[in-house]
Amino acid sequence: MHHLYSSLFKRPFLWFVILLAFLCTGQPKAIGQTNTKGIDFFSGVDFNFRDINYKTQYEFLIRLSPGFKWSFGDHWQISGQVFIPIVNQYGNSYKYVHLNIFDLSKELRLGSLYLKASAGLFSSSRYGLDLKAFLPLCDWFAFEGQAGVIGSVYMTPYWEIVAPNRFVGTIGGDFYLPRWNTQFRGTIGKYIYNDFGFEMEIMRHFNHATASIYGRWNNYDKFDAGFRFVIALPPYQRKHRMVNFRPASNFRISYTVMYHQYTNRMYRTDPEENERDGWFSRDFLQWGSHTMEPDFRIIEMNKKAKGDKE
């Protein structure tokens, strides 16, 4: 049954991507510019809690998450992130410092179709190849898709690597209402623990923050629901040099009514990836929340600018 489902899932997804490529006609309102070269070092906090133990009401896992992004032009990027445990009530496997993400990615555009390809180590102890696609048909509707060929790699307490032998992916659509800065997102997919299902989410974008509620279903644990918050962190005006040190761009927290650790799970390919910003750089894709006032304004710093006083 597993092989039959995988085959049935792969073919529609591949035909879907091919169809999107043939639909790539016309130009969106804004064309992405080349991203600024430089290396950003940043750090945030990975905050987790759960209520599944009768003896303890809440268990916490709090980790520092230092990382970096090296952008070397034309939307090529190398990124990495490390988890450093500070408070651990989740068990021995979470007490070790380990590498969470280390990969190479490239954003590109074919007509109206936006693509992001990534290769390397992803979050959730996965590695392999990943392709994300986004096709805006108008200001308020877009298709999206993601496909990956992945294996697993566990670094704690010892190394264990499984060859890339699993196909995962999602297909969905997004509605965006500019007047209310509200986004509706629905996807169906096959996830990293071999379950399949769907998820619906309603997001309300505010100045420097996004709040959402979601519901989802999968073939193992059936229905679940919850909410999310994504908050862009200050300072909102940043100076840009070739080497930059800053806080993480956002703090994200997600709450689910039922604790299902191994269902509806996907990996991240960027340390700062979140539902508010989506998969693509703001300067590259102008759709949805990217059409709002930017969270961060960048001040370019160079020797000439420093010496000139207007």
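Modeller: A charge counts as sitting over a ring if NZ of Lys or CZ of Arg is within 6 Å of the ring centre and within 35 degrees of the ring normal. In this predicted model, Lys 132 lies over the face of Trp 279, at 6.0 Å from the ring centre.

Biologist: What makes Arg 228 a charge over the face of Tyr 214?

Modeller: Arg 228 is 4.1 Å from the ring centre of Tyr 214, and the cut-off is within 6 Å.

Biologist: Why is the pair of Phe 198 and Trp 217 called stacked?

Modeller: The count comes to 27 aromatic pairs. For Phe 198 and Trp 217, the ring centres are 6.1 Å apart and the planes stand at 20°. Pairing needs centres within 6.5 Å and stacking needs planes under 30 degrees apart, so the pair is stacked.

Biologist: Which strands hold Phe 198 and Trp 217?

Modeller: Phe 198 lies in strand 12 and Trp 217 in strand 13, so the pair ties together parts that are 19 residues apart in sequence.

Biologist: What makes Phe 280 and Phe 284 a stacked pair?

Modeller: Their centres are 6.4 Å apart, with 25° between the planes. Phe 280 has 6% relative accessibility, so it counts as buried; Phe 284, at 8%, counts as buried too.

Biologist: Why does Asp 174 have no salt bridge?

Modeller: Asp 174 is buried, and the nearest side chain of opposite charge, Arg 185, is 4.1 Å away. The side chain of Asp 174 does make a polar contact of 2.9 Å with that of Gln 183.

Technical notes: Residues are numbered from 1 along each chain as its sequence is written. This is a predicted model: local features need pLDDT of at least 70, side-chain atom pairs count only at pLDDT 80 or more; totals for chains, interfaces and linings use all residues. Side-chain values use heavy atoms; hydrogens and water are left out. Buried means under 20% relative accessible area, exposed over 50%, partly exposed in between (1.4 Å probe, protein chains only). Lys and Arg count as positive and Asp and Glu as negative; His and the chain ends are not counted. A salt bridge is a side-chain nitrogen of Lys or Arg within 4 Å of a carboxyl oxygen of Asp or Glu. A polar contact is a pair of N or O atoms within 3.5 Å; within protein, one must be able to donate a hydrogen and the other to accept it, and residues adjacent in sequence count only if both atoms are side-chain atoms. Rings of Phe, Tyr and Trp (its six-membered ring) pair if their centres lie within 6.5 Å; planes under 30 degrees apart count as stacked, over 60 as edge-to-face and the rest as tilted. Helices (H or I, at least four residues) and strands (E, at least two) are DSSP runs, numbered from the N terminus.
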